[in-house]
Amino acid sequence: MFEFFKRKTSDSESPETVPDPVPDALTDSEAAGSTVPAAADPKPDTAGKPETGSRKTAVAFVDYEYWYVALDRHYHTRPNLSAWKAELCEKYDLKDLIVYGNFANNSLRAELPAIGEVAEHVVETQVPFRSHKKDQTEFLLLNGIYQRALTDPSIEAYVLFSGDGHFAPALEFLRDECGKTIDVYAVRDSYSRQLIAAATVSTLTPEEVDWTAKCANMILTNLKYLEANAIGDKPVRPSFRATVDAVSRYRHLPKADVEQTLCWMLDNGYAEQYVEYLDEKDVRLIRVNWEKCSEAGLYVPIAADEKVPEFVEEPLNEEEEEEIPF
């Protein structure tokens, strides 16, 4: 389902450390007339940890809105800017990290304090005029790349976190005409192939995806929301088909994938189907074994201070659906 791109070896990686040759043993006559220096303290092991001077100087540009939305939509997770910067600092002599984004959305704006602690610069791209609906992230980020290329020739590598193919021509120019290393990061299943083709090295994140677990967590988040937001005294009665439709619709997933995951949950005891008599007819519904789901790590609760996700359905109370076999 997903296409993997292997990370290429950087040209800046230091060569394997070769130990100094061991001197030949002295003869008795040589030993008598010579002074053997005291053994020096052993050097610390620096293999695989290149010094700053041996790494390429780099600047990183981040389309944070893309990163946030793509991870939330496909993997129900959040960006970890701090961990990503630490990874870049291992690869490069990172001179600057610039984050761009339209932070008008409340959820994205809540990320700003954490971003400010990590990034050297944060550029808000929201247009302050009501008549303009499109933000300027793409244009401002591209302008930032051009300005850096013109004013700072010492930069050897350009790192971009984005999935937008419109950046490809600029990156190809920096790679082919200016001899720069182009390192592109993008969210798996949400990127332009043209952008990846323009890179010297590319990385898709998350690196390893347990798709069944991710899909199960989306399903469970939907069902937990229904339980917590019952209308009045009416109990929530989620059904198989309505759950599949809701998760597929709000998370932009193929219905077949959601249905397969929910069947897997039923087969393995993470949920069960039961029949309830409603309005003079039998209705088949779903009940979750929350304890077992939590023990297996399938359900990651949302923190109390986070907003309720917007991708859930309205509670189903007394609707019959297509019968799903046990």
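Trainee: Where is the place of T261 in this model?

Mentor: T261 sits in helix α11. Helices here are DSSP runs of H or I with at least four residues, strands are E runs of at least two, and both are numbered from the N terminus. Before we go on, please keep in mind that this is a predicted model, where local features need pLDDT of at least 70, side-chain atom pairs count only at pLDDT 80 or more, and totals for chains, interfaces and linings use all residues. Residues are numbered from 1 along each chain as its sequence is written, and side-chain values use heavy atoms, with hydrogens and water left out.

Trainee: Does T261 count as buried or exposed?

Mentor: Buried means under 20% relative accessible area, exposed means over 50%, and partly exposed lies in between (1.4 Å probe, protein chains only). T261 has 5% relative accessibility, so it counts as buried.

Trainee: Which residues is T261 in contact with, leaving aside its neighbours within four places in sequence?

Mentor: Contact means heavy atoms within 4.5 Å. T261 has T212, C215, A216 and I219 as its partners beyond those neighbours. Take A216: 45 residues separate it from T261 in sequence, yet their C-alpha atoms are 6.3 Å apart in space.

Trainee: How do α9 and α11 pack?

Mentor: Two packed helices are described by the angle between their axes and the distance between the axes. For α9 and α11 (residues 255–267), the angle is about 85° and the axes are 9 Å apart. The axes are lines fitted to C-alpha atoms, for helices over the stretch in contact, and angles run from 0 to 180 degrees between N-to-C directions. Under 35 degrees counts as roughly parallel, over 145 as roughly antiparallel, 65 to 115 as roughly perpendicular and the rest as oblique. α9 is therefore roughly perpendicular to α11. On the α9 side the contact is made by W211, T212, C215, A216, I219 and L220, and on the α11 side by D257, V258, T261, L262, W264 and M265. Nine of these residues are nonpolar, two are polar and one is charged. In this scheme Ala, Val, Leu, Ile, Met, Phe, Trp, Tyr, Cys and Pro are nonpolar, Asp, Glu, Lys and Arg are charged, and the others, Gly among them, are polar.

Trainee: And how do α2 and α9 cross?

Mentor: The axes of α2 (residues 64–75) and α9 (residues 211–228) come within 9 Å and cross at roughly 90°. These two helices are therefore roughly perpendicular to each other. R73, H74 and Y75 of α2 meet W211, K214 and M218 of α9. That contact divides into three nonpolar, one polar and two charged residues.

Trainee: Back in α11, how exposed is E259?

Mentor: E259, also in helix α11, is partly exposed at a relative accessible area of 29%. Not counting residues up to four places away in sequence, E259 touches F240, R241 and V244.

Trainee: Which residues of α3 are buried?

Mentor: In α3 (residues 81–91) the buried residues are L81, W84, K85, L88 and K91. Their arc around the axis is only 115°, which puts them on the same side of α3. That arc is taken from the directions from the helix axis to the C-beta atoms. Elements covering these residues include β1 (57–63), α2, β2 (93–101) and α5 (112–118). K85 itself is buried, with a relative accessible area of 17%. Beyond its neighbours within four places in sequence, K85 is in contact with L94, L97, V118 and E120.

Trainee: Where is confidence lowest and where is it highest?

Mentor: pLDDT is the predictor's confidence in each residue, from 0 to 100. Helix α1 (residues 28–32) has the lowest confidence, a mean of 43, and β4 the highest, at 98. The protein chain averages 77, and 71% of the residues score at least 70. Residues 1–50 stay under 50, and residues 303–326 are below 50 as well. Where pLDDT is low, the predicted coordinates should not be read in detail.
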